[in-house]
Structure formats: C-alpha cells, structure tokens
Amino acid sequence: LLVGYLPAALLAVLQSGRRTVYQLQEALDCSPQECSDLAASVRLAPAGLVGAGILGLLIGFGAPYLTPPVPAHLWNPSSWSPEVVWHRILGPLAAVLAMFLLYAVISVSARMSKISAGLSTMDLLDLRALQPFTRQGLTNALLVLGWVTISGLVVVTESGFGLLGLLLGMATLFIAGAALLGPLRGVHSRIRQAKEDELTWLEARILEQRNSLRNGSIEGGSGNLADLLTYRDLVRDVPDWPIGSSSYARFAIYLLIPVLSWVAAAMVERFVNALIS
C-alpha cells in the first residue's frame, strides 16, 4: 500500500503546486503564457531526488535494527522467512519513496514562497486572494498524513515496532505542521512587511492629526483621528498567516485521520483474533 501511495502522493504535490500557480494568476498579474512558464517551474531537481534517495536507503536499511528482536545475520537471505523477504525488499523501497515525497513537499513549498514575492498587490483587509497558498499547505499536510497513517498501521498490527511507532508519532505533528506552513512562509513575510509599512504610515498620519487637533486647526477634527485609530487597530488585528478558522479546523481533522485509522485497525485486529480463537 505504501509503495503504491507514495508515488501518487508525490505527483499530487507537484500537480497541486502547478494548479496553485494558475489560481494565483490574477494576484500575480501575469499573462497566460507567463503563468504557464511559472507553473512549469514547479518541478523537482535531480540532485535533490538523488540526495533524498540516498537518505531513504539509509533509513530503509537501518530501520530493521530498531525492530527487536534483531537477528544476528540481519541481511542474510538464507535466514529470511517469506514475510521477512517481503519486508526486506519493500521496506527500503518504501523509505526511498517516502523521502521523495518529503523532498517534493519541501521543494514545492520553497517554490511557493518564492512565487509570493511576485504578488502584485497585498490588501490587508481582504486576504482571499492568498487562499491558494493555504490550500496548497493543507494539501501537503493531508498527503503527508496519509503516508503517516499507512505507516502507523504497522505499529498497531505488528510486534517489535514500538520504538519506530514512538518516533513516528513524535514526528507526525511536526511534519504535518511544517507541510502546512511551508508554502505560506513567503506570504507570511509579505503580510508582515505590508503591516509594518501600513502602520508606519498610520503613525505619521495620527501624529499629524493629533498636532492639528492641539493647534485647533479646522482640518484636524477628532473624527479623523478616531478613524485613523480604528483603522490602526484593524491593521494590527490582521493575522500574519493567511489561515482562517475553517482552515485550522480542517487541519485538526486531518490530524485525527491517523489516530482514528490506528484505533480502527487495532479494533479490527482484536475482533479477528477473538473470532478465530
């Protein structure tokens, strides 16, 4: 299941990244041809894939040492049972594909951050144009959690995987959070910079209105000052990350997928054992 899921998830990350570029065409103010060229730039570097593959092989060949009991001749094929043969062959392959997926998420997220530098406008009071970045982050998180969900089934159905399960569980929240926020880092910086610029302008205008009010100028009415103060509060309340409450709720639901899947797997295993016994 992992060997089938991971390549599909990798392609989904790339396809989602290219689709995000097209959805940002208006915000990027680019022509159809420029947008197509930008979407085509969302790809994986061969050197990065080679590095991810080497790391995956190291993990794949090292993981059996974390699943006791560790046999004396771990990689001697003559001592392998049919099930062990299955694990020894597909285990490293699944690890390589998993590293390919993580590299794809990192690479596409970095590309999204660079693309955010080309946004033509930044309306702090209407961040809906930035929603494609948020959807890309949610897609990344969902695909990574799908991998974690399938991998975790081994923990609840096989013995000796306790340490691996603990490491996987500890890494789940971090990896999923990084997958969500990765494509938003560039937009986050743009929002913060836009807020700083707007607040700097507001502070200058508020100072002018206050001085006019002190001097009794007709133009320096208290109503203008109150409007500026209200607007400053609005700008300060703009979130630094373009993630709404619905997106946070969806991400929380995504995090429940592995847990519910593992609980269901454990319950099914107990039911089958009770039925057989």
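Buried means under 20% relative accessible area, exposed over 50%, and partly exposed in between, with a 1.4 Å probe and protein chains only. This is a predicted model, where local features need pLDDT of at least 70 and side-chain atom pairs count only at pLDDT 80 or more, while totals for chains, interfaces and linings use all residues. Residues are numbered from 1 along each chain as its sequence is written, and side-chain values use heavy atoms, leaving out hydrogens and water.

Q: Why is I59 called partly exposed?
A: I59 has 41% relative accessibility. I59 is found in helix 4 (residues 46-62); helices are DSSP runs of H or I, at least four residues, numbered from the N terminus.

Q: Why does S116 count as buried?
A: Its relative accessibility is 1%. Buried means under 20%, so S116 counts as buried. S116 touches F133, G186, V187 and R190, not counting residues up to four places away in sequence. Contact means heavy atoms within 4.5 Å.

Q: What makes P82 exposed?
A: P82 has a relative accessible area of 73%. The cut-off is over 50%, so P82 is exposed. P82 lies in helix 5.

Q: Why is helix 1 called roughly parallel to helix 5?
A: Their axes, lines fitted to C-alpha atoms over the stretch in contact, with angles from 0 to 180 degrees between N-to-C directions, cross at roughly 10° and come within 8 Å. Angles under 35 degrees count as roughly parallel, so helix 1 is roughly parallel to helix 5. Among the contact residues are L2 and V3 of helix 1 and L90 and L93 of helix 5.

Terms used
Helix = DSSP H or I, 4+ residues; strand = E, 2+ residues; numbered from the N terminus. Parallel < 35°, antiparallel > 145°, perpendicular 65-115°, else oblique.
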